[in-house]
Amino acid sequence: MADHRKMWESLGLDLESHDQLMKVLPPTYGSVYMSQENRPEGMEYFDFVVSEVHGQRIQELQDHKAAGGKVIGAFCVYVPEEIVRAAGGIQVGLCSGVEIGTAQAEKVLPRNICPLIKSFMGFKLGKVCPYFESCDMVVGETTCDGKKKAFEILNDFVPVHVMETPQMKREKDKALWLSEVQDFLAAVEEYTGNKVTAESMRQAIKDTNAKRRALLRLNELRRHDPAPISGKDCLLIEQISMYDDVPRFTAQVNALCDELEVRVKEGKGVAVTGAPRLILSGTPMALPNWKVPHVIETSGAVIVAEEMCTGLRYFENLVPEEGETLEQMVEAIAGRYLDINCACFTPNDGRMERIVSLAGEMKADGVINCTLAFCDPYLVEANRVGKALKEHKIPLLNLETDYGQEDSAQIKTRVEAFLEMLENR
Ligand code: BJ8
């Protein structure tokens, strides 16, 4: 890795804590990713991105800023990245999947709060994330209570624009959401100093749709048995999609898909034909949270889809491209985003329907519903997931976990018992 210390210093990072974070990543990555057999060659690009996760991409963000551009951070797939792109900005995902800065985070947050919230607060207060420190503004949302209240605190350290995400999807909620998206457009224009035009918005929608199409293409290829690519690799790509350069990422995913198509023709895969096929559902798995997928795939199963925000919920709906005026395009964006099925909505039947249909499409043998500890929306919704899957006789394993490694062995025991049950059905 090139020496980026000067850049990190200029961003105000706490270099000592940052060094500790960077020390954890390579060995974890080596054991989780590089140990996989028969990986597609196209994964080389994504390995490189991880090796330069705080290097090259951060340098690109600094170059963008030096040229007058703005960087905007987000924590949720409800934040419409097309708008930031249309205003000439770069949007980056700020959710983190590692326990770091816990002591600092617990000075402002209760101990018993979802690890995702604790982690992003720890990243900010511990000054260990160059993405956070590159952001001119961050965008919060009123999805779950924990996040909503945490954004008030975060606003003491970085300007936060909060979007009010409704909790239901009735006509009046749609109207509220559209007005929130319009307000967001105005805020982004103000921050970037750039006026969004119909032309720039059309291009941003096209670019973002192209990225989502590439991810959909990748997902489609996973229908095959043997699976041409592991779930771990797909999750990694989905995590990287939140912050990589859009056209470059799209091209790399498509190149990987070209390779996978050949693999499929040759009957080549990463797991043996007939290996148990599982769908992973639940709360997002932010980089570098690979614990559960690693346990699953080292137990002999293969993950064939992620019904998560680091997964299908992020890319399965496209923004319709027919809009002619800026207003029409903004409406199309609002409509597309409100279609996402987050457990923060009530009812959230769309999610249950999607998990069931996905299990059929991907010929899955079962579903693992994995929820972060203290996440009330998803923990309570596990009941609805269980009911829907039972009605369709789809086996389900519910897991609740955090960012620590202490429960790995226990999770492995439960996953192995689930796989044994699938085998004996
Ligand atoms: S659209 S899932 S990205 S809110 S895990 S912080 S819900 S307590 S992340 Fe999410 Fe947007 Fe919904 Fe997706 Fe709260 Fe739960 Fe923590 Fe969560």
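Helices are DSSP runs of at least four residues and strands are runs of at least two, both numbered from the N terminus. In this predicted model, the protein chain contains 19 helices and eight strands. Its radius of gyration is 21 Å, close to the 22 Å given by the globule rule for 425 residues, so the chain is as compact as a globular protein of that length.

**Overall dimensions and packing**
- Along the principal axes, the C-alpha atoms of the protein chain fill a box of roughly 60 × 50 × 45 Å.
- Of the 425 residues, 58% count as buried.
- Among contacts between residues at least 6 apart in sequence, 76% join residues at least 24 apart.

**Surface and charge**
- The protein chain has an accessible surface of about 17,600 Å², and carbon and sulfur atoms account for 51% of this area.

**Helix H7**
- Helix H7 comprises the 12 residues 115-126.
- From its first C-alpha to its last, H7 reaches 15 Å, close to the 16 Å expected at 1.5 Å a residue.
- Because 11 of its 12 residues are buried, H7 is largely enclosed by the rest of the structure.
- The buried residues of H7 include Leu116, Ile117, Phe120, Met121 and Phe123, as well as Lys118 and Lys124.
- The cover over these buried residues includes helices H2 (15-34), H6 (102-108), H8 (130-134) and H9 (145-154), together with strand E7 (366-372).
- Lys127 follows H7 and has a positive phi, near 50°.

Terms used. Residues numbered from 1 in each chain as written. Predicted model: local features only at pLDDT ≥ 70, side-chain atom pairs only at ≥ 80, totals over all residues. Heavy atoms only, no water. Rg over C-alpha atoms; globule rule 2.2 N^0.38 Å. Buried < 20%, exposed > 50% of the residue type's maximum accessible area, 1.4 Å probe, protein only. Contact = heavy atoms within 4.5 Å. Areas by Shrake-Rupley, 256 points an atom, 1.4 Å probe, with all protein chains shown as cover. Expected span 1.5 Å × (residues − 1).
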